[in-house]
Amino acid sequence: MASLLSSSLSSFRQWTTSASGLASSTRTFSASASCSKYKLKTHSGTKKRWKALPNGTFKRGKEGKVHLNTGKGRGRVNSLAQTAYSNPTQTATLKRLMPYA
């Protein structure tokens, strides 16, 4: 019984030393100096309404076309179907609200 216990103990020691050797040889992830510690949150209302374009500007759909259109002229309603683009002031604000876009 004692020999069985000592042999299992020695095999356990060999297993733990080999496992610890594997753990030390694997690479752990570390934060570099350029990475920030925290992730920034994207503004939910902005991400639902705006889409980022490859040139750095943003686009959105125009508002005011869903209901209460009987008093509006045909040209006015049709112009609401066009895409609206951000101006430089809006682009700077949108980049802060959508940091990963």
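This briefing describes the overall fold of a protein and the surroundings of two of its residues. The structure is a predicted model, in which local features need pLDDT of at least 70 and side-chain atom pairs count only at pLDDT 80 or more, while totals for chains, interfaces and linings use all residues. Residues are numbered from 1 along each chain as its sequence is written, and side-chain values use heavy atoms, with hydrogens and water left out.

**Overall fold**
- The protein contains 4 helices and 3 strands, these being DSSP runs numbered from the N terminus (helices: H or I, at least four residues; strands: E, at least two).
- Along the sequence, the elements follow the pattern α-α-β-β-α-β-α.

**Surface and contacts**
- Of the 101 residues, 10% count as buried; buried means under 20% relative accessible area, exposed over 50%, and partly exposed in between (1.4 Å probe, protein chains only).
- Carbon and sulfur atoms hold 58% of the accessible surface, which comes to about 8900 Å² (Shrake-Rupley method, 1.4 Å probe; for residues, only the protein chains shown count as cover).
- Among contacts (heavy atoms within 4.5 Å) with a separation of 6 or more, 59% join residues 24 or more positions apart.

**Threonine 46**
- Threonine 46 is placed in helix H2 (residues 44-49) and is buried, with a relative accessible area of 6%.
- Beyond its neighbours within four places in sequence, threonine 46 contacts Leu94, Leu97 and Met98.

**Glycine 64**
- Glycine 64 lies in the loop between strand E2 (58-61) and helix H3 (74-79) and is partly exposed, at 35% relative accessible area.
- Not counting residues up to four places away in sequence, glycine 64 touches Asn69, Lys72 and Leu80.
- The C-alpha atoms of glycine 64 and leucine 80 are separated by 7.2 Å, the two residues being 16 residues apart along the chain.
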